[in-house]
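Please keep the sequence and the structure open while going through it.

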Amino acid sequence: MGLVDTHCHLDPAYFPDGPEPPMARAREAGVVGFVVIGVGDSLAPARAAIALASSLPKEVAATAGVHPHDARLYGDMEQELAELVKNDAVVAVGECGLDYHYDYSPRDQQRDAFAKQIALARSVKKPIVVHTRTAASETLDVMRAECRGDVRGVIHCFSEDRAFAEVALDLGFYISFSGIVTFKNAKAVAEVAAWAPADRVLVETDSPYLAPVPFRGKPCEPAYVKHTAMRVAELRGVSLEELAQTSTHNAVALFGREFGA
Ligand SMILES: [Zn+2]
Ligand SMILES: [Zn+2]
């Protein structure tokens, strides 16, 4: 079938036995590619993601960035991050963005780290992975001001509405759907999944978070991207096979990498 999980965290903190067991289960479920997100309160997860991607270049691509939760530490990581994102195994900068739900870092520092990572992405000609929570208009403000038509990327774990999606699409961004789209109460997200242009739709798990129905509340892992893809396919009135083909084609187009043996 050939799905790509375009956003998963496989750090030892989440998978103490290493990334191989969940990756093996994902392969069984038809997953041919993994975009492993390298963020944390240090660059250790980014280094680990790069090492994994370098050892499995046909299956795994890495990102490196500073999550809005850790934006207060951006200055400490800035220099090494600028080196890491040059690595061929790194296909995007991030996840970066704004999270005003948790406010783990001061908002001005979140905006600053977000803007700086967009500039960093421009300097290496790679896309960004955007995280936004309870900060919709502020996120779009930063994207409008900083992306300037030559930095694009993906709104990961899309949890906004159609108005937000329209602006993001206009800015050249892709929309990635996570397990949220399978939740009964996520009506606005389901509407966007049904309507979004086929050439901008991606699927992801955001493992270990946000497991789709029927695993909701349990730790999430890349194999479950199939359930998210099934729901998106249902909403769009296409087969799972077609959705897999389209979303994988989009992942290749965005990240500039082939996936699968
Ligand atoms: Zn996120
Ligand atoms: Zn994430």
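1. Exposure terms come first: a residue is called buried under 20% relative accessible area, exposed over 50%, and partly exposed in between, with a 1.4 Å probe and protein chains only. At 78% relative accessibility, Lys-125 therefore counts as exposed. Lys-125 sits in the loop between α4 and β5 (128-133), where helices (H or I, at least four residues) and strands (E, at least two) are DSSP runs numbered from the N terminus.

2. On conventions, this is a predicted model, in which local features need pLDDT of at least 70 and side-chain atom pairs count only at pLDDT 80 or more, whereas totals for chains, interfaces and linings use all residues. Residues are numbered from 1 along each chain as its sequence is written, chains are lettered from A and ligands numbered from 1 in the order in which they are written, and side-chain values use heavy atoms, with hydrogens and water left out.

3. Lys-125, although not a glycine, has a positive phi of about 55 degrees. Cys-157, likewise a residue other than glycine, has a positive phi near 50 degrees; Cys-157 lies in the loop between β6 and α6 and is buried, with a relative accessible area of 10%.

4. Two peptide bonds also call for attention, as most peptide bonds are trans. The bond from Ser-207 to Pro-208 is cis, with omega near 10 degrees, and a cis bond also joins Val-213 and Pro-214, with omega about 15 degrees. Pro-208 lies in the loop between β8 (201-203) and α8, and Pro-214 is placed in the loop between β8 and α8 as well.

5. Which residues does Ser-178 touch, not counting those up to four places away in sequence? They are Cys-157, Glu-204, Leu-210 and Thr-228, contact meaning heavy atoms within 4.5 Å. Ser-178 is in the loop between β7 (174-177) and α7 and is buried, with a relative accessible area of 1%. Thr-228, for its part, is in helix α8 and counts as buried at 1% relative accessibility; leaving aside neighbours within four places in sequence, the contacts of Thr-228 include Phe-177, Ser-178, Val-203 and Pro-212.

6. The packing of two helices can be described in some detail. The axes of helix α7 (residues 187-195) and helix α8 (residues 225-236) come within 8 Å and cross at roughly 70 degrees, axes being lines fitted to C-alpha atoms, for helices over the stretch in contact, with angles from 0 to 180 degrees between N-to-C directions. That makes α7 roughly perpendicular to α8, a term for angles of 65 to 115 degrees, while those under 35 count as roughly parallel, over 145 as roughly antiparallel and the rest as oblique. The contact is made by Ala-190, Ala-193, Ala-194 and Trp-195 of α7 with Arg-231, Leu-235 and Arg-236 of α8. These residues divide into five nonpolar, no polar and two charged, where Ala, Val, Leu, Ile, Met, Phe, Trp, Tyr, Cys and Pro count as nonpolar, Asp, Glu, Lys and Arg as charged, and the others, Gly among them, as polar.

7. The axes of α4 (residues 107-124) and α5 (residues 136-147) come within 10 Å and cross at roughly 35 degrees. Arg-111, Phe-114, Ala-115, Ile-118 and Arg-122 in α4 meet Thr-139, Val-142, Met-143, Glu-146 and Cys-147 in α5. By class, this contact has six nonpolar, one polar and three charged residues.
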